[in-house]
Amino acid sequence: TILVLDFGSQYSHLITRRLRELNVYSEMLPCTQKLAELSWTPKGVILSGGPYSVYWDDAPHVDPAVFSLGVPMLGICYGLQEIAWHFGKNVLAGEKREYGHAYLKVESHGDAEMGGHVDKLFKGLEGDMEVWMSHGDKLSHLPDDFVTTATTSNAPFAGIAHRHKMLYGIQFHPEVTHTPRGKELLKNFAVDICQAKTDWTMGKFVDQELARIRALVGDKGQVIGAVSGGVDSTVAAKLMQEAIGERFHAVLVDNGVLRLDEAKQVKETLTKGLGINLTVVDASDRFLGRLKGVTDDPEKKRKIIGNTFIEVFQETAKKIAAESQGSSRAGEIEWLLQGTLYPDVIESISFKGPSATIKTHHNVGGLLEGMHLKLIEPLRELFKDEVRELGTNLGIPEDLVWRHPFPGPGIAIRILGEVTPEQVRIAREADYIFIEEIRAAGLYRKISQAFAALLPVKAVGVMGDKRVHDQVIALRAVETSDFMTADWYPFDGAFLKKVSRRIVNEVEGVCRVVYDITSKPPGTIEME
Ligand code: XMP
C-alpha cells in the first residue's frame, strides 16, 4: 500500500486514482495523520499538493515520524516544499504564481556514487517532457544533500532528489492528464522505487472488504441500511448480504414519489435476484399527506421528504430490532450502512492548521442523530465507475448498474407546484414513456440523466375534434461527466415527435409536450 497524505490540493484524489489504475493499492489520509495511529506500514509515501505556503503560521505539516519511516517518499508541489522545508527550512521564494503547461528538462546523474536511486524517478522519461504546473511558492535553492533532477525555464528546481535517501520532490503535477507521461513517473515511484505490489483488482477488493466487514461486525452484530434502487445503495447492500447474510437488513421506504412501479421492481430485484433481506415500507400516504398544499417552495418539499424519511426509517429500524430480539441471530443492530463514495469522503476531509478534523459525510443527513448507530461505508474507497465494476462483479443486473441517478426527493421536485396523487400519476406515466423510448433508441447510456417533469400550467389543445384544456409535460435529458455542468441532449426530430405523440395519446391529462433546452449553468438538472 502507498500512503498518500493529502494537503488539500484539488488534484489529490487523482493520485490515488492513478495508482489504482496501475493496480497498486493506495490510501489517502489527511496530511496530519499520526503515523503511530496507523495499523499498517506503507511501502511508500506521497505528499500531495495543497493551497498553502509552508511559511504560513497555520500551514499544515506532516508528522515528522514520516521522515524516519525509512520508506521512499515523493513530494508533489506543496509536498516538495514540505520536504525541502523539513531539511532546509529557509529554501523558498514566494514570487509569482505559475499555472499551466511547462516543459521539463530531466537531468540524469549516472549516479553509481549515490547508490543508483536518484535517476529512477525519471527512468524512461529522459529528455523533454510536458508537465502541468500549479503553484505559488517554488524552491530558490537546494536543501543540503539534495540534487536537481529536473528544471523548467521558470523553476530551476522542478525536480529534486536526496543524495542518499529515496526522497524525491517534483514541482509539477504528475497525476493530472495535462502531464501526459505523469502516470509513468508515478509507476516509477510506486512500482520500481517502492516495490509496491501491482495486484490490486476488484476481485481482491471484494475479498478484503468482506473480511473487513465480518471482522468489524462480528459474528452476531446486525446492520441496517436504506436502499433506493440506485447503483450505490444496491452495491453496498449486496456486499453486506455477501458478508453477513440475513444479519443485514435493507429498508426501502416508498415515499409515494418514486417512479412508476419502482418499489415493486426494486423489491423483486433485491430480494429474488440478489437475495437481500429487504423490508419495504409503504409510507406514500404519510409523505403525500405532508406535501399537500405546498405549492411554490421547492426547499420545503425537500425538507418534508427528508424529515419524513428519517422518521419512517427510524420507526422501521426499531421494529426490525424488536423482531430480531431473542431470535438465534440476535445481536444488537449497531451499524448503519451507507453507500458513501470516495469523492464524498474527499469532499468531507478537511483540516484547519495542524489538528485534523474528519467530518463524516452523511448521504441522508440527520439519520445518525438519535439512533446510536455506528457507520459502515464499504464503498468509501471507490469511485463511481469502480462501483459499477464492483456491481457487475457481484452479479447485479446491468440495467441497475448503469441506472441514471434519481434524487432522494423523487419526482416531487419534478412536479412543479403542488404534489397531488393525480399529478404524481401524470408525471410517472410520462416519465415511463420517455425512458422507455430512450432505451429503445439505444441512447440510455449516452445520456447521463433524463426525466419528464410536469409544469403547473394548462394549455389548450384539440384532440379528436374536441377542444381540451390540459397540462404540459417538459422533457429533460442531459449529458454530463460530473453533474456540475451539463448540456441538454440533441435528440433528432423524429425521436421527439414519437415521444410527444405517445405521451399526449397515452397519458390522460396532458395535451402538450415541450423539450427543455437549458444547459447547466444557468439551469440545474432538476427543475426544482
Ligand atoms: P441539480 O438539479 O442540482 O442536480 O443540477 C445535480 C444532480 O443532483 C441530483 N439532485 C439530488 N439528489 N437529493 C438527491 O439525492 C436532492 O435533493 C437532489 N437535488 C438534485 C440530480 O438528480 C442530479 O443528478
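**A quick tour: pocket, strand, cysteines**

Start by selecting helix H6 (262-273), helix H11 (398-401) and helix H12 (421-440): each one supplies at least two residues of the lining of the second largest pocket. Helices here are DSSP runs of H or I, at least four residues, and strands are E runs of at least two, numbered from the N terminus. A pocket is an open set of points on a 1 Å grid over the protein atoms alone where a 1.4 Å probe fits, with protein on both sides within 12 Å along at least five of seven lines; lining residues have an atom within 4 Å of a point.

You're looking at a predicted model, where local features need pLDDT of at least 70 and side-chain atom pairs 80 or more, while totals for chains, interfaces and linings use all residues. Residues are numbered from 1 along each chain, and side-chain values use heavy atoms, without hydrogens or water.

Now show the 20 lining residues; Gln 265, Arg 403, Tyr 432, Ile 435 and Arg 439 lie nearest the pocket's centre. H12 gives the most, with six residues.

Next, jump to Thr 148 in strand S9 (residues 146-151).

Last stop: the cysteines. Counting sulfur pairs within 2.5 Å as disulfides gives zero. For Cys 77, the nearest cysteine sulfur, on Cys 31, is 14 Å away. Cys 77 is buried at 5%, and Cys 511 is buried at 11%.

Definitions and conventions. Buried means under 20% relative accessible area, exposed over 50%, partly exposed in between (1.4 Å probe, protein chains only).
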